[in-house]
Amino acid sequence: MTAILKNAQMFRHGVFSRGDVSADMGPRVSRGGSDSPFSVDASSFVILPGFVDVHVHLREPGFSYKETIRTGSLAAAHGGYTAVCAMPNLNPVPDSLEHLQPELEAIRHDAVVRVLPYGAITRGEQGEALAELEAMAPYVVAFSDDGKGVQNRNMMRRAMQEAKRLGKLIVAHCEDNTLLHGGYIHDGAYARAHGHRGICSESEWRPIQRDLELVRETGCGYHVCHISTKESVALIRKAKGEGLNVTCETGPHYLLLDDAMLEEDGRFKMNPPLRDKADREALLEGLADGTIDMIATDHAPHSAEEKGRGLEKSAMGIVGLETAFPLLYTHLVKPGVISFARLMELLHDAPCRRFGIAPDTGFTVFDLNRTYPIDPAEFLSMGRATPFAGWSVQGRCLLTAMEGRAVWYDKTLLEGEGAE
């Protein structure tokens, strides 16, 4: 069955215009036994380019009790994403072509959107020897040891030199282990008031400072994961001013939350942690002035048991693929913090451009007038932990399509009065 979405607002090249688009709805759709195309009045909907998330954890192979390629890619489609880049902290770690194969096989069999794997920078993400970068290069989107910082300066220099030769980005999780001191939330007022061990901001910005020196030396393309501190913003802004080949991302949670909003609940625990209000304000400034290039969810599902141990003992990580767009639209675009075009740059244009991903990544359909509370019970991800549970948002995903075929849709799209 083919659905024709009529007279929708289509966002292309930075502007909206009216138009029609069609999607093959697949064998699940039955309309009175007829196979002829049918139309849906989409005049109140927007059709957007499929979003791209360069930082997700799909957990397969090795941790399929948390998430799988199938469930994670369905969650992506449910959130309007048509391409995601899967981080390498898996088992086996994809540090060789042999160890990459199980992930590639799962992607071929089970992914409903485009899943682009990362290769590890070092063997086993242990920081002691380079992974087989050259062998993996044709099959991976970039190289990262996400979840762990590369602690050794010389090792990072060697990785950058090899990545530059191969034409691949180094995507850095910046964390200095010597500065962690057993911390698990930001070293700020909340930690002090509630007796928690804190993670200092320097543990993030100091490795960025080191790596930027190495970028000056090697000329490697360098991308910084999930920045969360005002010092990180300042360092990257200065590096860009010098013309260094540097980009960065932050997550919706760092833009919308700070440590004054923490609760004694594992769904508020992630790495890096929620920082101070001044850090959040600096991130918003960096978003507005172009220092921050893109928004990535760092979608990191865990089991309910792993996230149910409170702030101190819960696993670090929250889910985000199914909430990112409505949160950002509601709390950044609607109040005028950024424009709609800027949001599309952050969620689609910049990730495609920087990571060499084909910009025609499919499309997604949203009803921007639909207001609803975020309910983790509705997630398609196996993970349910989000600090945004219960938040009221505007913008409901109705359909996501790849190559003209719907990979996820809301059944109400075909049941409304506009369906003919």
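User: Leaving aside neighbours within four places in sequence, which residues is Thr-400 in contact with?

Analyst: This is a predicted model, in which local features need pLDDT of at least 70 and side-chain atom pairs count only at pLDDT 80 or more, while totals for chains, interfaces and linings use all residues. Residues are numbered from 1 along each chain as its sequence is written, and side-chain values use heavy atoms, with hydrogens and water left out. Contact means heavy atoms within 4.5 Å. With neighbours within four places set aside, the contacts of Thr-400 are Ala-77, Gly-80, Tyr-81, Thr-82, Phe-363, Thr-364, Arg-405, Ala-406, Val-407 and Trp-408.

User: Is Thr-400 buried or exposed?

Analyst: Thr-400 lies in strand E15, residues 392-402 (strands, E, at least two residues, and helices, H or I, at least four, are DSSP runs numbered from the N terminus). Buried means under 20% relative accessible area, exposed over 50% and partly exposed in between, with a 1.4 Å probe and protein chains only. Because its relative accessibility is 0%, Thr-400 counts as buried.

User: How far from Glu-322 is the nearest side chain of opposite charge?

Analyst: Glu-322 sits in the loop between helix H10 (310-313) and helix H11 (324-333). Lys and Arg count as positive and Asp and Glu as negative, with His and the chain ends not counted. For buried Glu-322, the nearest side chain of opposite charge is that of Arg-384, at 6.1 Å.

Technical notes. A salt bridge is a side-chain nitrogen of Lys or Arg within 4 Å of a carboxyl oxygen of Asp or Glu.
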